Amino acid sequence: MDEGARAETPAGVWSGSWVAERLGVELDGDDRLPGLLGLALRRNPKRAHLLVSHVLGKHIPQSPSVVHGHGLALGRRVRDLLGPVEAARAVVLGYAETATGLGHSVADGLGQAPYLHSTRRPVPGVARAGGFEESHSHATSHLLLPEDPRLLAGEGPLVLVDDEFSTGNTVLNTVRALHERYPRRRYVVVALVDMRSPADAGRLEEFAREIGARVDLVTTAAGTVRLPDGVLEKGQRLVAEHESAPVAAAAPAGAGPARRVDLRWPHGLPDGGRHGFTAAHRARLEDALPAMGARLAEALPAGARRVLVLGCEELMYTPLRLACELERTTGVAVRYSTTTRSPVLAVDDPGYAIRTRLLFPAHDDPADGPGDRYAYNVAGGGFDTVVAVVDSAADTPALHAPGGLLERLAAHVPQVLLAVVPSYVPAAVAAPVAEPVAAPVAEPGSSYGPTAPTAPERPAMLPEPLRGPAFSSYAPDEVGWLLQDLSEVTLEAPTEEREEAIQSGGAHYAESLPVEYQPSEEYQRLFHSALEASAARLARAVGTVTEIVLAERSPRPVLVSLARAGTPVGILMRRWAQHRHGLDLPHYAVSIVRGRGIDANALRWLAAHHDPADVVFVDGWTGKGAITRELSAALDDFAGSDGVTGFDPEIAVLADPGSCVRTYGTRDDFLIPSACLNSTVSGLISRTVLRADLVGPHDFHGAKFYRELAPADLSPAFLDAVSARFTDVADAADARAEELLAADRTPTWAGWAAVERISAEYGIENINLVKPGVGETTRVLLRRVPWKVLARSGAGPDLDHVRLLAEQRGVPVEEVTDLPYTCVGLIHPQYTRGATGADGRAVTV
């Protein structure tokens, strides 16, 4: 029925009264229910009535901020229910087609949760991770097609989102099927409304006991639908009666064919959650939305007053967010809804939820064959412009043909715009690699059993980053470790044995770990006094380098620390960006090994989840610049092997005494207290490990989590002490950043030249045994077999801890007048077991 102009439902009229009066259907429950729901009649032999949401953005055009806001609010309630640790591990699953946008919005409210929605569109080459039947739906079969087969395999909470929780069959069948394969301890069911009958209300608790898991329910409102006897037959008779009524004449033709708007959609960004949508995707979309919204606004006709942004079946979230941008940035009355494959009776009555219906053929070559599609409450909505948003798979001749969606819209709306979003193609389809994956999950009785995909499948994806408290003592949102946990492997070796193996070429330094140095009470007091004395200086350097990164590198950088010394600095930079600018920056820690390069699998993970151009590598300090050169060479190799470009080799550091980089907080060589300790100031994480028998070609490098050292952990105290000074140093940091941004910061590599001079002067052939700067000297004293320490004459408290360590290890400290660093540590150049003294510590010459 293509009715003419119709007004919105008048105030005081419930959009379910027409059905309630004729069928005796009643809504009982929260007072909010009539504002959230109306009623209509299905053209479906399985269920007579349809609950029509006013806030879902499917059948009834609604303000996009209202639609998105309801999902955000539900997501925030889930986040509060789970707590920060569990929320950081959660995955959100939405249901096609009605809840795809709602599920996306819930994931937004939850925070960093990845999102997946079921689909009725099979994609050749993408393996099914599951499937289920929705018995009451017009189109019953659902597929789960994550690009990453591990998306649903984690142990964190699974959050399942549907528009309504009526009988609970669909959700419980999904949970049962997935739980058989990927058991977990917790599930959360989310819906706008809980409309279960009293008979169904107890099933959720019973089901939770059956599977041995906790299952929570979060909804906006709750109630029940009371149905009289014979309601299905009555409903069918009403549908037959009103379907046979005369069809109203179409409105006069509009302004002609639809005009395209180029959104300039970001390359490689998924158009929705059909194959998964990660926190990194969400960040990219947020960055791109203002510009895309501006392009739509520019395309609106002059004088536009009432605009509808119309999504396409499962494509709900992208048009919703575009509509939000239009609403936010223009004075136009913007509404949002989507097309659907659900057949519903249209009745032109203010007390009925579906006033008008546009009928048109499917235009996305559906797998189940040709069929009718619908747009409800568009005709007669008073819109002067409709922006139709479709993905490229739906931009077919059928969309533009006579009788197609665009022509049907043009018959009722003066101006039709078309925005096409590229359909996301998973990497496995574009470049498949033949490697078997696990059989998919299927609901008992479903037609989706273990079925091989029609194209070779990709190998298993790299795991998600490790996070605290399971790995490290840092909060889960502070850093994600792109490492594998080797905590159960014995890797420690006596310092002397390690040094002999390293210098003799028998082993690489990254193949074992030094025994963790346990500081004396005297040394710990020195750490605390040094931290108190330098906290403001550190905070100012953190602020300076962060402001330079935001100004020069990216307005929303992805911080990637070089584990482990860079990790506390990366966390502090993230905190500064949050404190000063309200930015919630992603932060990861990766392994880089001198002579072996950076972890290529970590780079692959970063490239898959972020734009490489946004990645900023972070370290604590520079010595002679060896890691700077190592990173540059490794990124060149990676570009050659994987074809991925865009990673910037320029490291951002807190201190650059060697003049090796352009992005730094200071070039002073001063005591950074995090250099004073090992794991107990670095989240209880060891230095990284790269050994062939432990790290395979598709593994991240490894590290250990020293949980047993928790009583001595100073990691949070260090971060909090520096962060507490941010407000005090903000003006000074801003001023210093402005000075440096205007200055010539070209590296002079003065440190490298000094190291070469010292090597020659002291007869050290291997310059890797010369460790310049306070931080590197500290490492020598804590991890290696030191020969001597060169200290600049007149160096003050910055060297107190170095002098104490040198005294404890019997290492001479030699005063030097012409030294560009505060100090330099020399590893014994000709180390053998006989070179140590009787106590195993002092070095003989």
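I take two strands as paired if DSSP finds at least two bridges between them. Helices (H or I, at least four residues) and strands (E, at least two) are DSSP runs, numbered from the N terminus.

Ground rules first. This is a predicted model, where local features need pLDDT of at least 70, side-chain atom pairs count only at pLDDT 80 or more, and totals for chains, interfaces and linings use all residues. Residues are numbered from 1 along each chain as its sequence is written, and side-chain values use heavy atoms, with hydrogens and water left out.

**The sheet**

I looked up the strand order: six strands make an open sheet, E1-E10-E9-E8-E4-E5, with mixed pairing. Which strands stand at the edges? They are E1 (26–29) and E5 (115–117); each has a single partner strand, so one side of each lacks a neighbour in the sheet. From one strand to the next, the twist averages 25°.

Then I checked one pairing in detail. E9 (residues 186–194) and E10 (residues 214–226) run in the parallel sense and share eight bridges. Alanine 191 has threonine 219 in E10 as its bridge partner.

**Helices across the sheet**

For angles I used axes, which are lines fitted to C-alpha atoms (for helices over the stretch in contact), with angles from 0 to 180 degrees between N-to-C directions. Contact means heavy atoms within 4.5 Å.

Helix H3 (residues 64–87) lies across E8 (158–165), E9 and E10, at about 140° to E10. Helix H4 (residues 100–110) lies across E4 (91–94), E5, E8 and E9, and runs at about 135° to E8.

**Aromatic rings**

My pairing rule takes rings of Phe, Tyr and Trp (its six-membered ring) with centres within 6.5 Å; planes under 30 degrees apart are stacked, over 60 edge-to-face, and the rest tilted. How many aromatic pairs does that give? The count is 10.

Tyrosine 374 and tyrosine 376 have ring centres 5.8 Å apart and planes at 10°, so I noted the pair as stacked. I also looked up burial (buried is under 20% relative accessible area, exposed over 50%, partly exposed in between, with a 1.4 Å probe and protein chains only). Tyrosine 374 is buried at 5%, and tyrosine 376 is buried at 2%.

Next came tryptophan 576 and phenylalanine 726, an edge-to-face pair with 4.9 Å centre to centre and 75° between the planes. This one links distant parts of the chain: tryptophan 576 is in helix H16 (residues 566–581) and phenylalanine 726 in helix H20 (residues 726–742), 150 residues apart. Tryptophan 576 is buried at 0% relative accessibility, and phenylalanine 726 is buried at 2%.

I also found one aromatic cluster formed by Phe471, Tyr474, Trp481 and Phe705.

**Charges over rings**

Here I asked for NZ of Lys or CZ of Arg within 6 Å of the ring centre and within 35 degrees of the ring normal. Arginine 629 lies over the face of tryptophan 749, 4.4 Å from the ring centre. Lysine 788 has its charged end over the ring of tryptophan 787, at 4.7 Å from the centre.

**A buried asparagine**

Asparagine 601 lies in helix H17 (residues 600–609). Is asparagine 601 buried or exposed? With a relative accessible area of 6%, asparagine 601 is buried. Leaving out residues up to four places away in sequence, asparagine 601 touches Leu462, Gly696, Pro697, His698, Asp699 and Phe700.

**Cysteines**

Last check: a disulfide needs a pair of cysteine sulfur atoms within 2.5 Å, and I counted zero disulfides. Cysteine 312 is buried at 7% relative accessibility, and cysteine 823 is buried at 0%.
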